[in-house]
Amino acid sequence: MGKRKQTKKFALVKRMLNPSDQRLKENQVKEAAKKKAAEEKAVKHVTPAASSMFFQHNTALGPPYRVLVDTNFINFSLQNKIELVQGMMDCLYAKSIPCITQCVLAELEKLGPKYRIALRVARDPRFERLPCTHKGTYADDCIIDRINTHKCYMVATCDRELRRRVRKVPGIPLMYIAQHQYRVERLPDGGMPS
């Protein structure tokens, strides 16, 4: 009896692609695009520092303080029975000018009759009104845009998300409400850092 001839099974045979196969060229194009994207991500674009910044100390801040007010700060001030301008002066020990953007006023108007007292407070003549040039009426983006362009403001808000975004901008102090009074975070001392 002779030996039976055994053939290799189909799946066990490795097949080689032709080097000029179209599928290989597509993979090479994809790899080149990935490498180019990785190189672009490796380049870090740094925004230039403001001329008013001396290390982390903002020299543009000083009395009278200009405070950008958010909608929820006005609402929480009314709930805690704090008079806005007087509370700011008590907190900062200096004159303060509350500033309100058109976006914040529009947001208060959108909230309806439930917030009409807050809207009346926001229309106080002691408040400085700031015009907005951007599209839309989203107040948080408006405030962040304004403090990125001008470093002369403090931000008054009770919104956690907005406070987190403001903390990323160097040299901008935060004002918030804690234990029925105003508190300031990151306000620099009077003198220059040594």
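**The β7–β8 hairpin and its surroundings**

Author: In this predicted model, the hairpin of β7 and β8 has two residues between its strands, and Gln179 there takes a positive phi near 55°.

Reader: How many bridges join strand β7 to strand β8, and do they run parallel or antiparallel?

Author: Five bridges link β7, residues 174-178, with β8, residues 181-185, and the two strands run antiparallel.

Reader: Which residue stands opposite Leu174?

Author: Leu174 faces Glu185, which belongs to β8.

Reader: Turning to the core, which residues touch the most other members of the largest nonpolar core?

Author: That core holds 45 residues, and those touching the most other members are Phe73, Met88, Ile147, Val166, Met175 and Tyr182. In soluble globular proteins, nonpolar side chains tend to be buried together.

Reader: What is Tyr182 in contact with, leaving aside its neighbours within four places in sequence?

Author: Its contacts include Phe73, Met88 and Met175. Also among them are Ile82, Leu84, Cys91, Tyr176 and Ile177.

Reader: And Tyr176: what sits over its ring?

Author: The charged end of Arg163 does, at 4.5 Å from the centre of the Tyr176 ring.

Reader: A different region now. Where does Asp124 lie, and is Asp124 buried or exposed?

Author: Asp124 is found in the loop between α5 (116-122) and β5 (128-130). Asp124 counts as buried because its relative accessible area is 17%, under the 20% cut-off.

Reader: Which side chain does a polar contact join to that of Asp124?

Author: The side chain of Arg126, through a polar contact of 2.9 Å.

Technical notes. Residues numbered from 1 in each chain as written. Predicted model: local features only at pLDDT ≥ 70, side-chain atom pairs only at ≥ 80, totals over all residues. Heavy atoms only, no water. Lys NZ or Arg CZ within 6 Å of the ring centre and 35° of its normal. Helix = DSSP H or I, 4+ residues; strand = E, 2+ residues; numbered from the N terminus. Buried < 20%, exposed > 50% of the residue type's maximum accessible area, 1.4 Å probe, protein only. Polar contact = N/O pair within 3.5 Å; in protein donor to acceptor, adjacent residues only side chain to side chain. Pairing = 2+ DSSP bridges. Core = buried A, V, L, I, M, F, W, Y, C linked by side-chain atoms within 4.5 Å. Contact = heavy atoms within 4.5 Å.
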